[in-house]
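Hello,

Here is the structure I promised to pass on. Please open it first, then read my notes below.

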Amino acid sequence: GLGPALAAAAFAGLAAAAVRAARTRDIALVLPAAFALLVLGFWGPRFVAFMRYFLPMYPVLCLFAAWGLLRLAEIARAGWSLSLSGRTLWVEPRLARPAAFAVLGLVVGTTAWWALAFQRVYLEEHPRIAATRWVYTNVLPGKSITTEIWDDPVPWDFPGRERQYRLVELDMYRTDSPEKIRELVFGTPDNPNRPGLAGADYVAVTSNRVRDSVAKLEREYPATIRYYRLLETGELGFERVATFRVRPSFLGISVDDSGAEESFTVYDHPEVRIYRKTAAFDPDRAYALLSEARPEAAVNLLPRQGRTNGLQFTADEAALQQSGGTFISVFGAPHWLNRTAWLWWLLWLEAAALAALPWVTWLFRPLAGRGYGLAKLLGPLAVVILAWLLVAWGLVEFSRTLAWAALAGCIIAGLVLG
(Lines give C-alpha, C1' and ligand atoms only; values in the text may rest on other atoms or scores of the structure.)
Protein backbone atom coordinates (compact mmCIF):
# COMPACT_ATOMS: atom_id res chain seq x y z
CA GLY A 1 0.00 0.00 0.00
CA LEU A 2 2.66 2.54 0.99
CA GLY A 3 5.21 1.32 -1.48
CA PRO A 4 8.63 -0.06 -0.54
CA ALA A 5 10.47 3.26 -0.06
CA LEU A 6 7.83 4.98 2.07
CA ALA A 7 7.26 1.80 4.10
CA ALA A 8 10.99 1.48 4.82
CA ALA A 9 11.21 5.15 5.81
CA ALA A 10 8.08 4.84 7.98
CA PHE A 11 9.28 1.87 10.00
CA ALA A 12 12.78 3.31 10.29
CA GLY A 13 11.25 6.54 11.60
CA LEU A 14 9.01 4.56 13.97
CA ALA A 15 12.02 2.70 15.37
CA ALA A 16 14.04 5.92 15.74
CA ALA A 17 11.10 7.63 17.44
CA ALA A 18 10.69 4.73 19.87
CA VAL A 19 14.37 4.96 20.83
CA ARG A 20 14.20 8.74 21.21
CA ALA A 21 10.99 8.53 23.27
CA ALA A 22 12.56 5.97 25.60
CA ARG A 23 15.51 8.29 26.20
CA THR A 24 13.70 11.64 26.46
CA ARG A 25 10.21 10.59 27.66
CA ASP A 26 8.79 12.73 24.84
CA ILE A 27 5.03 12.14 25.06
CA ALA A 28 4.54 13.66 21.59
CA LEU A 29 6.33 10.64 20.14
CA VAL A 30 4.95 8.04 22.56
CA LEU A 31 1.27 8.44 21.69
CA PRO A 32 1.44 7.99 17.88
CA ALA A 33 4.08 5.26 18.25
CA ALA A 34 1.89 3.40 20.73
CA PHE A 35 -1.10 3.68 18.38
CA ALA A 36 0.85 2.32 15.40
CA LEU A 37 2.30 -0.54 17.44
CA LEU A 38 -1.14 -1.35 18.87
CA VAL A 39 -2.67 -1.72 15.38
CA LEU A 40 0.34 -3.69 14.15
CA GLY A 41 0.37 -5.92 17.22
CA PHE A 42 -3.37 -6.62 17.03
CA TRP A 43 -3.64 -7.48 13.33
CA GLY A 44 -0.10 -8.52 12.44
CA PRO A 45 -0.03 -11.99 14.06
CA ARG A 46 -3.41 -13.01 12.63
CA PHE A 47 -3.57 -15.45 9.73
CA VAL A 48 -6.12 -13.27 7.93
CA ALA A 49 -4.59 -9.79 7.87
CA PHE A 50 -5.88 -7.94 4.82
CA MET A 51 -4.18 -4.70 3.92
CA ARG A 52 -7.31 -2.70 4.64
CA TYR A 53 -7.18 -3.77 8.29
CA PHE A 54 -4.03 -1.67 8.71
CA LEU A 55 -5.45 1.51 7.16
CA PRO A 56 -5.84 3.29 10.56
CA MET A 57 -2.07 3.26 11.04
CA TYR A 58 -1.16 4.52 7.54
CA PRO A 59 -1.41 8.25 8.41
CA VAL A 60 0.71 7.68 11.51
CA LEU A 61 3.31 5.79 9.50
CA CYS A 62 3.46 8.65 6.99
CA LEU A 63 4.04 11.09 9.86
CA PHE A 64 6.89 8.97 11.19
CA ALA A 65 8.41 8.73 7.73
CA ALA A 66 8.32 12.54 7.41
CA TRP A 67 9.65 13.02 10.96
CA GLY A 68 12.48 10.57 10.39
CA LEU A 69 13.56 12.10 7.07
CA LEU A 70 13.47 15.67 8.40
CA ARG A 71 15.28 14.57 11.55
CA LEU A 72 17.95 12.97 9.36
CA ALA A 73 18.39 16.23 7.42
CA GLU A 74 18.46 18.27 10.64
CA ILE A 75 21.21 16.13 12.18
CA ALA A 76 23.16 16.30 8.93
CA ARG A 77 23.69 20.04 9.40
CA ALA A 78 26.21 19.29 12.14
CA GLY A 79 27.51 16.10 10.52
CA TRP A 80 26.95 12.46 11.35
CA SER A 81 28.78 10.47 14.00
CA LEU A 82 28.54 6.74 13.35
CA SER A 83 29.84 4.03 15.69
CA LEU A 84 31.00 0.93 13.83
CA SER A 85 32.75 -2.00 15.55
CA GLY A 86 33.90 0.16 18.44
CA ARG A 87 35.21 2.88 16.15
CA THR A 88 33.61 6.26 15.53
CA LEU A 89 33.19 7.35 11.93
CA TRP A 90 32.71 11.06 11.37
CA VAL A 91 30.85 12.29 8.28
CA GLU A 92 31.36 15.98 7.64
CA PRO A 93 28.36 18.27 7.06
CA ARG A 94 29.37 18.92 3.43
CA LEU A 95 28.87 15.19 2.77
CA ALA A 96 26.10 14.44 5.27
CA ARG A 97 23.68 17.11 4.05
CA PRO A 98 23.67 16.02 0.36
CA ALA A 99 23.31 12.39 1.48
CA ALA A 100 20.34 13.25 3.71
CA PHE A 101 18.59 15.17 0.96
CA ALA A 102 19.36 12.36 -1.49
CA VAL A 103 17.57 9.90 0.83
CA LEU A 104 14.66 12.34 1.14
CA GLY A 105 14.47 12.75 -2.63
CA LEU A 106 14.70 9.01 -3.18
CA VAL A 107 11.78 8.30 -0.82
CA VAL A 108 9.60 11.08 -2.23
CA GLY A 109 10.45 10.23 -5.83
CA THR A 110 9.92 6.48 -5.59
CA THR A 111 6.71 6.94 -3.60
CA ALA A 112 5.35 9.32 -6.24
CA TRP A 113 6.33 6.81 -8.92
CA TRP A 114 4.57 4.01 -7.01
CA ALA A 115 1.38 6.07 -6.64
CA LEU A 116 1.32 7.01 -10.33
CA ALA A 117 2.12 3.44 -11.38
CA PHE A 118 -0.77 2.05 -9.36
CA GLN A 119 -3.17 4.74 -10.58
CA ARG A 120 -2.41 3.61 -14.12
CA VAL A 121 -4.26 0.39 -13.32
CA TYR A 122 -7.49 2.40 -13.51
CA LEU A 123 -6.61 3.88 -16.90
CA GLU A 124 -6.61 0.41 -18.43
CA GLU A 125 -9.65 -1.71 -19.14
CA HIS A 126 -10.54 -4.07 -16.32
CA PRO A 127 -9.24 -7.59 -17.17
CA ARG A 128 -12.65 -9.18 -16.65
CA ILE A 129 -14.23 -6.64 -19.02
CA ALA A 130 -11.51 -7.32 -21.57
CA ALA A 131 -12.10 -11.05 -21.14
CA THR A 132 -15.84 -10.52 -21.61
CA ARG A 133 -15.23 -8.70 -24.91
CA TRP A 134 -12.99 -11.57 -26.02
CA VAL A 135 -15.64 -14.15 -25.16
CA TYR A 136 -18.37 -12.29 -27.05
CA THR A 137 -16.07 -12.05 -30.05
CA ASN A 138 -14.43 -15.49 -30.09
CA VAL A 139 -16.80 -17.92 -28.35
CA LEU A 140 -19.97 -19.07 -30.09
CA PRO A 141 -23.25 -18.49 -28.23
CA GLY A 142 -24.47 -21.50 -26.30
CA LYS A 143 -21.02 -22.70 -25.29
CA SER A 144 -20.36 -23.70 -21.68
CA ILE A 145 -17.81 -21.76 -19.59
CA THR A 146 -16.74 -22.70 -16.09
CA THR A 147 -16.90 -20.33 -13.14
CA GLU A 148 -15.36 -20.93 -9.74
CA ILE A 149 -17.60 -20.42 -6.74
CA TRP A 150 -16.37 -17.43 -4.69
CA ASP A 151 -15.10 -15.72 -7.83
CA ASP A 152 -16.63 -13.57 -10.58
CA PRO A 153 -17.84 -15.32 -13.74
CA VAL A 154 -16.89 -14.39 -17.27
CA PRO A 155 -18.49 -13.10 -19.41
CA TRP A 156 -20.17 -10.20 -17.65
CA ASP A 157 -23.54 -8.86 -18.76
CA PHE A 158 -23.06 -5.88 -21.05
CA PRO A 159 -25.80 -3.23 -21.45
CA GLY A 160 -28.02 -4.13 -24.34
CA ARG A 161 -26.40 -7.53 -24.77
CA GLU A 162 -27.84 -10.60 -23.14
CA ARG A 163 -25.45 -13.32 -21.93
CA GLN A 164 -25.83 -16.30 -24.23
CA TYR A 165 -23.50 -18.73 -22.52
CA ARG A 166 -24.02 -21.50 -20.02
CA LEU A 167 -22.05 -21.19 -16.78
CA VAL A 168 -20.61 -24.37 -15.26
CA GLU A 169 -20.04 -24.03 -11.50
CA LEU A 170 -16.87 -25.51 -9.98
CA ASP A 171 -16.67 -25.81 -6.19
CA MET A 172 -12.88 -25.66 -5.75
CA TYR A 173 -12.75 -24.75 -2.05
CA ARG A 174 -14.15 -28.05 -0.81
CA THR A 175 -11.60 -30.27 0.89
CA ASP A 176 -10.24 -32.73 -1.68
CA SER A 177 -11.77 -36.18 -1.82
CA PRO A 178 -12.45 -38.77 -4.54
CA GLU A 179 -16.06 -37.53 -4.61
CA LYS A 180 -14.98 -33.93 -5.19
CA ILE A 181 -12.63 -34.90 -8.02
CA ARG A 182 -15.29 -37.07 -9.63
CA GLU A 183 -17.77 -34.17 -9.50
CA LEU A 184 -15.10 -31.82 -10.85
CA VAL A 185 -14.58 -34.03 -13.90
CA PHE A 186 -17.94 -35.73 -14.47
CA GLY A 187 -20.26 -33.26 -12.73
CA THR A 188 -23.15 -33.68 -10.29
CA PRO A 189 -26.01 -35.68 -11.85
CA ASP A 190 -28.80 -33.93 -9.92
CA ASN A 191 -27.47 -30.40 -10.50
CA PRO A 192 -27.75 -29.07 -14.07
CA ASN A 193 -25.45 -26.15 -13.21
CA ARG A 194 -22.58 -28.50 -12.40
CA PRO A 195 -21.90 -30.83 -15.36
CA GLY A 196 -18.16 -30.71 -14.56
CA LEU A 197 -15.28 -30.42 -16.98
CA ALA A 198 -16.91 -33.06 -19.16
CA GLY A 199 -19.76 -30.61 -19.82
CA ALA A 200 -17.61 -27.50 -20.26
CA ASP A 201 -16.23 -26.08 -23.50
CA TYR A 202 -14.04 -23.46 -21.83
CA VAL A 203 -12.45 -23.06 -18.42
CA ALA A 204 -12.25 -19.50 -17.07
CA VAL A 205 -9.98 -18.71 -14.12
CA THR A 206 -10.81 -15.08 -13.46
CA SER A 207 -8.30 -14.41 -10.67
CA ASN A 208 -5.61 -16.07 -8.58
CA ARG A 209 -7.94 -16.19 -5.57
CA VAL A 210 -8.42 -19.97 -5.49
CA ARG A 211 -5.25 -21.05 -7.31
CA ASP A 212 -2.88 -19.20 -4.98
CA SER A 213 -4.74 -19.89 -1.73
CA VAL A 214 -5.07 -23.67 -2.13
CA ALA A 215 -1.35 -23.87 -2.95
CA LYS A 216 -0.69 -22.94 0.70
CA LEU A 217 -2.66 -25.96 1.94
CA GLU A 218 -1.13 -28.85 0.01
CA ARG A 219 -2.26 -31.41 2.56
CA GLU A 220 -5.90 -30.38 2.05
CA TYR A 221 -5.85 -29.70 -1.71
CA PRO A 222 -3.34 -32.06 -3.38
CA ALA A 223 -5.60 -32.85 -6.34
CA THR A 224 -6.84 -29.27 -6.73
CA ILE A 225 -3.25 -28.03 -6.91
CA ARG A 226 -2.52 -30.71 -9.49
CA TYR A 227 -5.62 -29.64 -11.43
CA TYR A 228 -4.25 -26.12 -11.91
CA ARG A 229 -0.83 -27.46 -12.90
CA LEU A 230 -2.27 -29.86 -15.47
CA LEU A 231 -4.58 -27.15 -16.75
CA GLU A 232 -1.57 -24.91 -17.35
CA THR A 233 0.54 -27.58 -19.06
CA GLY A 234 -2.32 -28.76 -21.29
CA GLU A 235 -2.19 -32.35 -19.97
CA LEU A 236 -5.77 -32.08 -18.77
CA GLY A 237 -7.05 -31.61 -22.30
CA PHE A 238 -7.47 -27.82 -22.24
CA GLU A 239 -5.22 -25.20 -23.83
CA ARG A 240 -4.83 -21.60 -22.77
CA VAL A 241 -6.18 -19.33 -25.49
CA ALA A 242 -6.30 -15.92 -23.79
CA THR A 243 -4.74 -14.07 -20.86
CA PHE A 244 -5.76 -10.66 -19.57
CA ARG A 245 -3.75 -8.74 -16.98
CA VAL A 246 -3.03 -5.19 -15.93
CA ARG A 247 -0.02 -4.33 -13.79
CA PRO A 248 1.09 -1.11 -12.11
CA SER A 249 3.43 0.67 -14.50
CA PHE A 250 4.86 4.12 -15.12
CA LEU A 251 7.63 5.47 -17.35
CA GLY A 252 8.01 2.08 -18.99
CA ILE A 253 8.62 0.25 -15.70
CA SER A 254 6.04 -2.26 -14.48
CA VAL A 255 5.67 -4.15 -11.21
CA ASP A 256 4.61 -7.78 -10.98
CA ASP A 257 2.28 -7.62 -7.96
CA SER A 258 0.77 -11.08 -8.47
CA GLY A 259 2.34 -12.21 -5.21
CA ALA A 260 0.73 -9.42 -3.20
CA GLU A 261 -1.99 -9.92 -0.63
CA GLU A 262 -5.16 -11.22 -2.33
CA SER A 263 -7.40 -8.14 -2.03
CA PHE A 264 -4.65 -5.97 -3.55
CA THR A 265 -5.23 -7.52 -6.98
CA VAL A 266 -8.31 -9.74 -7.29
CA TYR A 267 -10.84 -6.91 -7.32
CA ASP A 268 -9.48 -4.14 -9.52
CA HIS A 269 -6.82 -5.86 -11.67
CA PRO A 270 -7.02 -9.67 -11.48
CA GLU A 271 -5.28 -11.89 -13.98
CA VAL A 272 -7.85 -13.72 -16.13
CA ARG A 273 -6.99 -16.91 -17.99
CA ILE A 274 -9.24 -18.71 -20.45
CA TYR A 275 -8.67 -22.30 -21.58
CA ARG A 276 -10.39 -24.10 -24.46
CA LYS A 277 -11.21 -27.82 -24.49
CA THR A 278 -9.23 -29.77 -27.09
CA ALA A 279 -9.77 -33.12 -28.77
CA ALA A 280 -7.27 -34.59 -26.29
CA PHE A 281 -9.68 -34.23 -23.38
CA ASP A 282 -10.82 -37.54 -21.98
CA PRO A 283 -12.79 -37.49 -18.71
CA ASP A 284 -11.56 -40.90 -17.57
CA ARG A 285 -7.94 -39.91 -18.19
CA ALA A 286 -8.47 -36.56 -16.47
CA TYR A 287 -9.92 -38.30 -13.42
CA ALA A 288 -7.02 -40.74 -13.34
CA LEU A 289 -4.44 -37.94 -13.56
CA LEU A 290 -6.04 -36.00 -10.72
CA SER A 291 -6.42 -39.12 -8.62
CA GLU A 292 -2.65 -39.63 -8.74
CA ALA A 293 -2.46 -36.83 -6.17
CA ARG A 294 -4.28 -39.12 -3.68
CA PRO A 295 -7.27 -36.91 -2.79
CA GLU A 296 -8.47 -39.65 -0.43
CA ALA A 297 -5.58 -38.77 1.90
CA ALA A 298 -6.53 -35.08 2.11
CA VAL A 299 -7.53 -33.69 5.50
CA ASN A 300 -9.34 -30.52 6.43
CA LEU A 301 -6.91 -27.99 7.92
CA LEU A 302 -7.33 -24.71 9.70
CA PRO A 303 -5.72 -21.90 7.70
CA ARG A 304 -3.00 -21.43 10.34
CA GLN A 305 -2.02 -25.09 9.89
CA GLY A 306 -1.03 -24.44 6.29
CA ARG A 307 2.53 -23.53 7.26
CA THR A 308 3.09 -26.99 8.73
CA ASN A 309 1.04 -28.77 6.05
CA GLY A 310 -0.73 -30.81 8.70
CA LEU A 311 2.67 -32.12 9.88
CA GLN A 312 3.15 -33.84 6.52
CA PHE A 313 5.82 -33.34 3.87
CA THR A 314 4.81 -31.34 0.83
CA ALA A 315 5.53 -32.98 -2.52
CA ASP A 316 8.72 -30.93 -2.92
CA GLU A 317 9.87 -31.71 0.62
CA ALA A 318 9.22 -35.42 0.17
CA ALA A 319 11.17 -35.48 -3.09
CA LEU A 320 14.05 -33.66 -1.41
CA GLN A 321 14.16 -36.11 1.48
CA GLN A 322 13.96 -39.14 -0.80
CA SER A 323 16.80 -37.82 -2.98
CA GLY A 324 19.15 -37.35 -0.03
CA GLY A 325 20.41 -40.93 -0.01
CA THR A 326 20.50 -43.55 2.71
CA PHE A 327 22.31 -43.31 6.02
CA ILE A 328 25.12 -45.52 4.71
CA SER A 329 25.61 -43.41 1.57
CA VAL A 330 25.76 -40.19 3.60
CA PHE A 331 27.75 -41.45 6.57
CA GLY A 332 29.56 -44.39 5.03
CA ALA A 333 32.93 -45.21 6.55
CA PRO A 334 35.74 -47.73 5.93
CA HIS A 335 35.25 -51.19 7.37
CA TRP A 336 38.02 -50.80 9.92
CA LEU A 337 36.40 -47.60 11.20
CA ASN A 338 33.00 -49.25 11.58
CA ARG A 339 34.52 -51.99 13.72
CA THR A 340 35.43 -49.36 16.34
CA ALA A 341 32.26 -47.27 15.94
CA TRP A 342 31.69 -47.32 19.72
CA LEU A 343 34.97 -45.46 20.21
CA TRP A 344 34.10 -42.68 17.77
CA TRP A 345 30.62 -42.30 19.26
CA LEU A 346 32.20 -41.99 22.70
CA LEU A 347 34.68 -39.38 21.48
CA TRP A 348 31.88 -37.41 19.81
CA LEU A 349 29.71 -37.47 22.93
CA GLU A 350 32.60 -36.41 25.15
CA ALA A 351 33.63 -33.57 22.79
CA ALA A 352 30.08 -32.22 22.69
CA ALA A 353 29.77 -32.49 26.49
CA LEU A 354 33.09 -30.71 27.08
CA ALA A 355 32.08 -27.93 24.66
CA ALA A 356 28.90 -27.38 26.68
CA LEU A 357 30.62 -27.20 30.07
CA PRO A 358 31.14 -23.39 30.13
CA TRP A 359 27.50 -22.44 29.58
CA VAL A 360 26.03 -25.43 31.44
CA THR A 361 28.05 -24.76 34.60
CA TRP A 362 27.11 -21.07 34.37
CA LEU A 363 23.39 -21.77 33.95
CA PHE A 364 23.27 -24.37 36.71
CA ARG A 365 25.82 -22.87 39.09
CA PRO A 366 23.41 -23.07 42.10
CA LEU A 367 23.35 -26.87 41.78
CA ALA A 368 25.80 -29.21 43.44
CA GLY A 369 28.62 -29.81 41.00
CA ARG A 370 27.38 -26.77 38.99
CA GLY A 371 25.44 -29.08 36.69
CA TYR A 372 28.51 -30.98 35.45
CA GLY A 373 26.50 -34.14 34.87
CA LEU A 374 23.92 -32.29 32.77
CA ALA A 375 26.63 -31.39 30.24
CA LYS A 376 26.67 -35.07 29.21
CA LEU A 377 23.06 -34.66 28.07
CA LEU A 378 22.84 -31.01 27.01
CA GLY A 379 26.09 -30.97 25.02
CA PRO A 380 25.10 -33.60 22.41
CA LEU A 381 21.54 -32.26 22.49
CA ALA A 382 22.77 -28.76 21.58
CA VAL A 383 24.57 -30.15 18.51
CA VAL A 384 21.54 -32.15 17.42
CA ILE A 385 19.08 -29.28 17.93
CA LEU A 386 21.32 -26.83 16.03
CA ALA A 387 21.57 -29.16 13.03
CA TRP A 388 17.85 -29.97 13.17
CA LEU A 389 16.79 -26.30 13.28
CA LEU A 390 18.96 -25.36 10.31
CA VAL A 391 17.35 -28.14 8.27
CA ALA A 392 13.81 -27.55 9.58
CA TRP A 393 13.99 -23.87 8.67
CA GLY A 394 15.05 -24.78 5.15
CA LEU A 395 18.41 -23.01 5.41
CA VAL A 396 20.56 -26.03 4.49
CA GLU A 397 20.22 -29.69 3.55
CA PHE A 398 21.26 -32.35 6.02
CA SER A 399 24.69 -33.83 5.29
CA ARG A 400 27.86 -35.06 6.91
CA THR A 401 29.31 -31.56 6.53
CA LEU A 402 26.39 -30.05 8.45
CA ALA A 403 26.82 -32.55 11.29
CA TRP A 404 30.52 -31.68 11.63
CA ALA A 405 29.79 -27.94 11.30
CA ALA A 406 27.20 -28.08 14.10
CA LEU A 407 29.68 -29.87 16.37
CA ALA A 408 32.42 -27.38 15.47
CA GLY A 409 30.08 -24.46 16.15
CA CYS A 410 29.23 -25.76 19.61
CA ILE A 411 32.91 -26.37 20.38
CA ILE A 412 33.84 -22.83 19.28
CA ALA A 413 30.97 -21.38 21.32
CA GLY A 414 32.19 -23.31 24.36
CA LEU A 415 35.76 -22.07 23.89
CA VAL A 416 34.57 -18.47 23.55
CA LEU A 417 32.36 -18.65 26.65
CA GLY A 418 35.05 -20.50 28.57
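What radius of gyration does the protein have, and what would a compact globule of 418 residues have? The protein has 30 Å, while such a globule would be near 22 Å. The radius is taken over C-alpha atoms, and the globule rule is 2.2 Å times the number of residues to the power 0.38.

Two notes on how to read this. This is a predicted model, where local features need pLDDT of at least 70, side-chain atom pairs count only at pLDDT 80 or more, and totals for chains, interfaces and linings use all residues. Residues are numbered from 1 along each chain as its sequence is written, and side-chain values use heavy atoms, with hydrogens and water left out.

**Overall**

The C-alpha trace spans about 85 × 75 × 35 Å along its principal axes. The protein holds 15 helices and nine strands. These are DSSP runs, numbered from the N terminus: helices are H or I with at least four residues, strands are E with at least two. Of the 418 residues, 34% are buried. Buried means under 20% relative accessible area, exposed over 50%, and partly exposed in between (1.4 Å probe, protein chains only).

**Helix 3**

Helix 3 covers residues 58-76, which is 19 residues. From first C-alpha to last it reaches 27 Å, close to the 27 Å expected at 1.5 Å a residue. The expected span is 1.5 Å times one less than the number of residues. Its buried residues include Y58, F64 and L69.

**P127**

P127 sits in helix 5 (residues 127-138). Is P127 buried or exposed? P127 is buried, because its relative accessible area is 1%. Leaving aside neighbours within four places in sequence, P127 is in contact (heavy atoms within 4.5 Å) with residues including F244, D268 and V272. V272 is 145 residues away along the chain, yet the two C-alpha atoms are separated by 6.4 Å.

**Loops**

Look at the loop between strand 3 (144-148) and strand 4 (166-170), where P155 lies. A cis peptide bond joins V154 and P155, with omega about 10°. W150 is in the loop between strand 3 and strand 4 too. Its phi is near 80°, a positive value in a residue other than glycine. W150 counts as exposed because its relative accessibility is 63%.

R294 also has a positive phi, near 60°, and is not glycine. R294 is in the loop between helix 9 (283-291) and helix 10 (315-322).

Best wishes
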